[in-house]
Amino acid sequence: MEFIPWENKYVLGVEIIDKQHKHLFSLTNELYERCRYGENAVHEQFIKTLHALVSYVLEHFSTEEKIMEHIHYPRIAEQKEQHASFTKKVIEESKKFESGAHGVPQDLVHFLRDWIVSHIAVFDQVLADYIHHLKKSGITNLPDGL
Ligand SMILES: [Fe+2]
């Protein structure tokens, strides 16, 4: 059983966003696997996966923000604020583990899971609804992949 199995309820119907969310799930699952093994909480593989996750989160947020700008999303400020505070937190946590400070990797993985799941269910769902609404209204200048 995976730590966060991908389920249909997470599909927002926006191809590029769904694809990236799926990848975030798989990186979080990988991170969970990494912290299940080994006595030492801070080990190389964990850090490596954590870095990969952090950089993918940044890429994902930048994609979402480009989309939001393109469609003049009314709630863009709120979304960006969410992105910025999460980015700050994961970078801080990542640095903590890197410097060897004692942290509980399981706590971090649980935090990541909860954040990603609620980010999709709350904020990205509203964004996806807005995109679907634009499509239905016949707006044709949506970016590719939407
Ligand atoms: Fe997202």
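How closely do the axes of α2 and helix α3 come, and at what angle do they cross? In this predicted model, local features require pLDDT of at least 70 and side-chain atom pairs count only at pLDDT 80 or more, whereas totals for chains, interfaces and linings use all residues. Residues are numbered from 1 along each chain as its sequence is written. The axes of α2 and α3 (residues 76–98) come within 10 Å and cross at roughly 170°, where axes are lines fitted to C-alpha atoms, for helices over the stretch in contact, and angles run from 0 to 180 degrees between N-to-C directions. This crossing makes α2 roughly antiparallel to α3; angles over 145 degrees count as roughly antiparallel, under 35 as roughly parallel, 65 to 115 as roughly perpendicular and the rest as oblique.

The protein contains four helices and zero strands, in the order α-α-α-α along the sequence. Helices (H or I, at least four residues) and strands (E, at least two) are DSSP runs, numbered from the N terminus. The C-alpha trace spans about 55 × 30 × 20 Å along its principal axes. Of the 146 residues, 20% count as buried; a residue is buried if 20 or more other C-beta atoms lie within 10 Å of its own, exposed if 12 or fewer, and partly exposed in between, with C-beta atoms placed from the backbone. Among contacts between residues at least 6 apart in sequence, 72% join residues at least 24 apart, two residues being in contact if their C-beta atoms, placed from the backbone, lie within 7 Å.

Helix α1 (residues 15–36) comprises 22 residues and extends 32 Å from its first C-alpha to its last, close to the 32 Å expected at 1.5 Å a residue. The expected span is 1.5 Å times one less than the number of residues in the helix. Buried positions in α1 are Ile17, His21, Leu24, Phe25, Leu27, Thr28, Leu31, Tyr32 and Cys35, and these pack against α2 (44–70) and α4 (105–136). The axes of α1 and α4 come within 9 Å and cross at roughly 170°; the two helices are therefore roughly antiparallel to each other. On the α1 side, this contact involves Ile17, His21, Leu24, Thr28, Leu31, Tyr32 and Cys35, and on the α4 side Pro105, Gln106, Val109, Leu112, Arg113, Ile116, Ile120, Asp124 and Ala128. By class, 11 nonpolar, three polar and two charged residues form the contact of α1 with α4. In this classification Ala, Val, Leu, Ile, Met, Phe, Trp, Tyr, Cys and Pro count as nonpolar, Asp, Glu, Lys and Arg as charged, and the others, Gly among them, as polar. Pro105, located in α4, is buried, with 21 other C-beta atoms within 10 Å. Pro105 and Arg34 are 71 residues apart in sequence but 9.3 Å apart in space, C-alpha to C-alpha.

A nonpolar core is a set of buried Ala, Val, Leu, Ile, Met, Phe, Trp, Tyr and Cys residues joined through C-beta atoms within 7 Å. In the largest such core, of 16 residues, Leu24, Leu31, Cys35, Leu50, Leu53 and Val109 touch the most other members. Elements contributing two or more residues to this core are α1, α2 and α4, and the largest share, six residues, comes from α1. Another core, of five residues, lies apart from it and includes Val14, Tyr73, Leu127 and Ile131. When neighbours within four places in sequence are left aside, Leu53 is in contact with Leu27, Thr28 and Leu31.

Between α2 and α3, the α2 residues Ile47, Leu50, His51, Val54, Val57, Leu58, Phe61, Glu64, Glu65, Met68 and Glu69 meet Ile76, Gln79, Lys80, His83, Thr87, Val90, Ile91, Ser94, Phe97 and Glu98 of α3. The residues of this contact divide into 11 nonpolar, five polar and five charged. Helix α3 itself has 23 residues and reaches 32 Å between its first and last C-alpha, close to the 33 Å expected at 1.5 Å a residue. Within α3, Thr87 is partly exposed, with 14 other C-beta atoms within 10 Å. Thr87 contacts Val57, Leu58 and Phe61, neighbours within four places in sequence being left aside. Thr87 and Val57 are 30 residues apart in sequence and 7.7 Å apart in space, C-alpha to C-alpha.

His72, in the loop between α2 and α3, has a positive phi of about 55° although it is not a glycine. Most residues other than glycine have a negative phi. His72 is exposed, with 8 other C-beta atoms within 10 Å. Gly100, which follows α3, has a positive phi near 85°.
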